[in-house]
Amino acid sequence: MTDVFSFDELEQAKRNHGLPLEALRYPITPPGLHYLLTHYDVPAIDPLAWRLSVSGLVERPLSITLEELRAMPAVEQIVTMECAGNGRARMHDRPVSQPWLEDGVGTARWRGALLWPILAEAGVRADAVEIVFGAGDRGIELGIEQSYQRSLSVGEALAGDALVVYEMNGEPLFPQHGFPVRLVVPGWYGMASVKWLTSVEAVDRPFRGHHQVVAYVVQKEPGDEGVPITRMLPRALMIPPGIPGFPARTRTVDPGDCVLEGRAWSGLAPVRSVEVSTDGGATWSPAELDRDLDSPFAWCRWHFSWRPEGPGEVELCCRARDEAGNEQPLRPAENLGGYVNNGVQRVRVTVRA
């Protein structure tokens with residue numbers, strides 16, 4: 001891995017931001033601390049003129065105003081959302097994109113209408129294969145002008161969890177988080193939760209848009225069609241203990257009793273356990289879980305009692321395992337896009353005398 005970042009990566013890093021890891025202390029992430037990734041410009045959308053069009057292979061096309069959406073039965077869900085490129089900056093030969101460390105994550109309380117009743121009202125036809133979601137932001141990638149678009153299979157769209165959202169943590173969506181309306185797909189990496197949602201279209205074949213089959217696929221070799229990215233792999237993150245240095249974020253702790261804590265999640269199954277290593281991954285000990293949020297789609301807190309003996313340097317690690325048996329690997333799985341990297345977090349700490 002190179003430590004030299006390009007100006008293009010700097011441009012992305014200053015427009016987007018991750019979660020400060022000390023903010024893992026909050027069960028619900030404040031909106032300004034929630035991770036943010038915007039592909040193009042934040043669009044200017046007039047909420048009074050906004051409409052959600054539901055079209056394509058449906059019996060009854062719809063055009064829904066924001067007032068009409070708010071009048072639908074409202075649902076609140078606490079959902080942890082992680083960027084599919086989280087951890088990319090630690091990979092070898094990373095692509096030029098948002099240079100995440102481990103901080104591309106956040107958990108919010110989203111409020112909106114369930115997607116499936118909207119599709120049921122429109123009457124999705126039997127020959128529909130996928131539902132394509134269109135956004136209000138536009139840009140150019142690989143020389144092609146396009147809007148951000150993603151799709152779900154009809155079965156996934158009708159499964160009951162996806163929300164058409166207009167509030168985040170009890171407030172209208174911030175402009176950068178998709179105002180006035182966005183999609184939230186619990187359990188999936190964040191690329192599925194289309195911001196600035198403007199259209200829902202039922203189609204009769206798999207969608208082949210850029211952000212569906214070019215970006216957000218795991219490719220091992222150039223030219224490889226790749227594996228589509230879907231649900232979040234298990235991950236545990238630790239609040240770095242002690243105090244940081246500046247400008248380097250090196251950590252210093254005092255000897256004596258110390259509580260290590262953080263959050264863990266998986267989009268594949270509930271988290272079953274978290275383990276902590278205080279010797280760089282050579283040995284592991286179980287942490288205690290605290291399921292402090294009543295949501296199947298939210299992270300849970302973990303904590304571990306540690307008594308560092310100084311002086312010296314220590315490498316702390318944490319890893320999660322879910323109830324389906326999925327576990328974080330010790331090292332990231334390399335791929336061309338730098339995606340779905342859930343290698344264990346490593347925090348170097350200096351213990352003072």
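**Close-up views of a predicted model**

View 1. Glu315 is part of strand β21, which spans residues 312-322; strands here are DSSP runs of E with at least two residues, helices are runs of H or I with at least four, and both are numbered from the N terminus. This is a predicted model, so local features need pLDDT of at least 70 and side-chain atom pairs count only at pLDDT 80 or more, while totals for chains, interfaces and linings use all residues. Residue numbers start from 1 along each chain as its sequence is written, and side-chain values use heavy atoms, with hydrogens and water left out. At a relative accessible area of 17%, Glu315 counts as buried (under 20%; exposed is over 50%, partly exposed in between, with a 1.4 Å probe and protein chains only). Its side chain makes a polar contact of 3.0 Å with that of Arg346 (N or O atoms within 3.5 Å, one able to donate a hydrogen and the other to accept it; residues adjacent in sequence count only if both atoms are side-chain atoms). Setting aside neighbours within four places in sequence, Glu315 also has contacts that include Ser277, Asp279 and Arg348 (heavy atoms within 4.5 Å).

**View 2. The Tyr216 and Tyr339 rings.** Searching the whole structure turns up two aromatic pairs (ring centres of Phe, Tyr or Trp, the last by its six-membered ring, within 6.5 Å; planes under 30 degrees apart are stacked, over 60 edge-to-face, the rest tilted). Tyr216 and Tyr339 make a tilted one, 5.3 Å centre to centre with 35° between the planes. Tyr216 sits in the loop between α5 and β11 and Tyr339 in the loop between β21 and β22, so the pair ties together parts 123 residues apart in sequence. Both Tyr216 and Tyr339 are buried.

**View 3. The Trp265 and Trp299 rings.** Here Trp265 and Trp299 form a tilted pair, at 6.0 Å centre to centre and 55° between the planes. Trp265 belongs to strand β16 and Trp299 to the loop between β19 and β20, so this pair links parts 34 residues apart in sequence. Trp265 and Trp299 are both buried.

**View 4. Arginines over rings.** Arg319 places its charged end over the ring of Trp284, 4.1 Å from the centre (NZ of Lys or CZ of Arg within 6 Å of the ring centre and within 35 degrees of the ring normal). Arg25 does likewise over the ring of Tyr26, 5.8 Å from its centre.
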